[in-house]
Amino acid sequence: MRIKTFIATYLLFLFILYASVGVVLIYLSNSQLDMLRNKSAAQYQSIIQTLARDISILHGRPGWDVQDLVHEYARYFSRHNVSLNIFEEAQNGSANAEVTLVLDGEEGHRISIVGHMPEPFGHFLLEYNLNIDANIQEMLDIQQVLLLVVVVVSLLAAVALYILLAVVFRPMERMVRAEQRVILLQEEAESKQQFVDNFTHEIRTPLTSIYGFAEYLQKASLPAEEIAESAHFIMDETRHMKNIADTLLELATLRNFSPTLKEIKVAALFNEVTQSLSPLLDKKGVRMVYDTDGGTIKAQEDLIRSLLFNLCNNAIKACKPDAGEIKMEFLNNKIIVSDNGCGIPIEALPKLTEPFFRVDKARNRAHGGTGLGLTLCKQIAEVHGAKMEIASILNEGTRIIIHFTKP
Ligand code: ADP
């Protein structure tokens, strides 16, 4: 923002500065040339009048020559950078003189005036040349000095503008930073509140049913079969709550956690995960394969194993029985777990890593899921400096990519 304002203001300033200097230079040169033109026209007039008077005095005297006379004049005016020539023509011409500005001519820069002498000497044509090399040089010198001044002013203005904008923007930037901090704190507070709400909701259901079954067990003398069934429900719900507690504890441990990094052969890890999950895979009729480029990652092994278990477990749950396929890959420092399961609706994708979020609440709860698996996976990726990306197409499958940064 500050840099953009600086560039825009500075460009505008440069445009105005250079345009005004250009206008001033053009005005100065034009007025200087006008002044020279007027001066030479006046001088030409005075010369032609004096010359006409001298010619009328000398005209007819024996031995007089107009060229000698003009030569005398020329010698005198050469001190003023003026050269004079006279030509005798067969016919008289108009006494109106023609003024021409010759720049970069063979004899340098000059103002040339050519005109006939007044009557009765109209057959004499007088050529007047004022050499203005020195004046033009002076103008060029002024231009150079002015341009140098403009360049220095531009540089000084850049520094001054930068300092000025820094002073003006500092309080604004501080305000923006403070606002961002407030927004961040608000978001944190909201997400904490959201977590507490979700957690309360999550444990209310099992607690209610545990209480209900316990009450039922206490009341009547029940047949042994029903007692066993009620105890089984109580144990199921307790196990679910213990799972939640264990995962929350794991998440808490991972906060500000620095993993103990070790070089891990990813192919060996994939093989281990496949072996451990094979009873579950066989039970559901899901095929799982893996492929690696033979590479290694620097990571804490138990955490990466837990991450892979979570992702593969989710994939198994998502797959149709006897038609599922899961692939684990390790290529270019990326671990990818993909499946051809039910997929995830696009609107649910941004919420997947929120604690306790499930796409199909009832179904996933029945599968024993806590809704904390992907939260944990994201946290494991983050403590390794990796990023987790989830891509999915509903009814086609899901692909989860963990981007590790190069060691
Ligand atoms: P859960 O304990 O419910 O599996 P997770 O945090 O691991 O919790 O996953 C959150 C939700 O994301 C799951 O309930 C499920 O609906 C959805 N999900 C995760 N992985 C997949 C997948 N591979 N295919 C389809 N849905 C998935």
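1. Strand β1 is joined to strand β4 (residues 124-131) by seven bridges, and the two run antiparallel. Across this pairing, F87 stands opposite L125 in β4. Strands here are DSSP runs of E with at least two residues, helices are runs of H or I with at least four, and both are numbered from the N terminus. Two strands count as paired if DSSP finds at least two bridges between them.

2. On provenance: this is a predicted model, in which local features need pLDDT of at least 70 and side-chain atom pairs count only at pLDDT 80 or more, while totals for chains, interfaces and linings use all residues. Residues are numbered from 1 along each chain as its sequence is written, and side-chain values use heavy atoms, with hydrogens and water left out.

3. The open sheet has four strands in the order β1-β4-β3-β2, with antiparallel pairing. At its edges stand β1 (82-88) and β2 (98-105), each with a single partner strand, so one side of each has no neighbour in the sheet. Neighbouring strands are turned by 20 degrees against each other on average, direction ignored.

4. Helix α3 lies across β2, β3 (108-116) and β4, and runs at about 140 degrees to β3. Axes are lines fitted to C-alpha atoms, for helices over the stretch in contact (heavy atoms within 4.5 Å). Angles run from 0 to 180 degrees between N-to-C directions.

5. The structure holds ten aromatic pairs. One is Y10 with F13: the ring centres are 6.4 Å apart and the planes at 20 degrees, so this pair is stacked. Rings of Phe, Tyr and Trp (its six-membered ring) pair if their centres lie within 6.5 Å; planes under 30 degrees apart count as stacked, over 60 as edge-to-face and the rest as tilted. Both residues lie in helix α1 (residues 2-58), three residues apart, about one turn of the helix. Y10 is buried at 15% relative accessible area, whereas F13 is partly exposed at 32%. Buried means under 20%, exposed over 50% and partly exposed in between (1.4 Å probe, protein chains only).

6. The rings of F199 and F356 have centres 6.2 Å apart and planes at 40 degrees, so the pair is tilted. F199 belongs to helix α3 (residues 133-219) and F356 to the loop between β9 (334-339) and α7 (361-366), so the pair ties together parts 157 residues apart in sequence. F199 is partly exposed at 27% relative accessibility; F356 is buried at 6%.
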